[in-house]
Amino acid sequence: EGISKEMYRGMGLSPSHCYSIVHVAAAKQGAVRLVKLRNPWGTGLKWKGDFNDHDETNWTDEVKAEVGADDLGTDGGIFWMTLQDLRKYFNSITICPYRDGWSEARLTSVFPPSLEGPQPAFFLERPANGSHSEVLLSCMQPEERQSVTTMTADLGLVWFRVPMGSKPRAGANASSEPYGSNAMHRQKLHYLDSMERQVRDTAVTDYFMEEPESSAGWLAVPLSFNQRVPSNSSSHSFGAGSGPKRFTFASFSAREIPLRAVDVAPEVVRDALVAHVKKVGTCGNRSNGVELWKLAEAGLVVYLENASSHFVELNVELTELFNMTVSRGVQADSTGDLSMKSRDMIPPMHGMVVFVAAAMPAGHSYRFSSRFVPKHDHGPGPGHSPALREPGDALHTPFYLDSAVPFGGGTGHGHGHGHARGGRQGFFS
């Protein structure tokens, strides 16, 4: 971050280029940590920083012997650098997992341009030869240079336990409706865990599968939002993708685990996002049965849960937007500054994903403020501004909290408000 292409070239590195890690080693009792790299092209620029081929100051005979550097100055694009410089000049490392005897399964799918209609998910069936297995789950996408949309998507993953009676049907018995279209099926899913959503080429997580006899397996639901077209088509859709985004889902496991693709209803994606926000997000404001949740992860997600016996009016301002896709769209003022201001009436015993502001590559920023107040009824005027998509907006439409406990503390005259600023990593103040 903060390094220009000219600075990269000045240090002997090619910008936006992949290098292979050949070896890692330490010298001087761990005080010197080195990484041996190779430029796959084998020619062109070569590292000019510390521990380059001609650095006689750092390359003492003792250090060479300790790390086995017997190929300095040879051809083939081989060079060494410190771990500190690696972290400074490279923004990601991709690891290819391999374990002898493990089973591997891969399926390619696409994120549709919107959250309307069927969405991609994957069913991992409980192993027939035992219920225990270590599993690596991964989502991968083409690099920006190979992507149809030329932009790296945000990638996250949520997985649920599926009870035996709710196993997604396959083949000739497959349902004509996406899995989870029926709320009864969604209510039976049991949230297990989730992986942080980030703007990255590859997302990998390690988990131990330990399923009871009553389990049919897992439903893995990928989360990605920065390529989606905002639900409010009348507003600007800066940065949003205009076509499907291809990706690959893979599982690596100690036991063979059957894997197949499943089309799920967009409400399943919404429920997965809410479960993830409540697991790793923060409840910044809580008052009389109303909770406002925020998750500053690859942007900002805001979710309100109204377990009170009253309507709640929530007003939000998302301003000073830079390099983000907002699920409810944005507006530009006369100076070109982007913002999203919303007003929503959330009924009693309902939850609502207010918006997802998804980061795009190369940094983002925003300013966020909110205030909610209880109301005795819906009141005049529309319930949502900007208006939600018709005939249905699965991500943003308030949904019934069937498992919530109503707040019974008087008339509920509390209120809440909050402010936040966010940057590349997102933070609250």
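This is a predicted model: local features need pLDDT of at least 70, side-chain atom pairs count only at pLDDT 80 or more; totals for chains, interfaces and linings use all residues.
View 1. Residues are numbered from 1 along each chain as its sequence is written, and side-chain values use heavy atoms, with hydrogens and water left out. Strands (E, at least two residues) and helices (H or I, at least four) are DSSP runs, numbered from the N terminus. Strands β14 (residues 290–295) and β15 run antiparallel, joined by six bridges; two strands pair if DSSP finds at least two bridges between them. Three residues lie between the strands of this hairpin, where alanine 298 has a positive phi near 50 degrees.

**View 2. On to β20, where glutamate 305 has glycine 351 as its bridge partner.** Eight bridges pair β15 with strand β20 (residues 350–359) in the antiparallel sense.

**View 3. Strand β15 (residues 299–306) is largely enclosed by the rest of the structure, because eight of its eight residues are buried.** Buried means under 20% relative accessible area, exposed over 50% and partly exposed in between (1.4 Å probe, protein chains only). One side holds Gly299, Val301, Tyr303 and Glu305, and the other Leu300, Val302, Leu304 and Asn306.

**View 4. Helix α5 spans residues 266–280.** Its 15 residues reach 21 Å from first C-alpha to last, close to the 21 Å expected at 1.5 Å a residue; that expected span is 1.5 Å times one less than the number of residues. Among its buried residues are Pro266, Arg270, Leu273 and His276.
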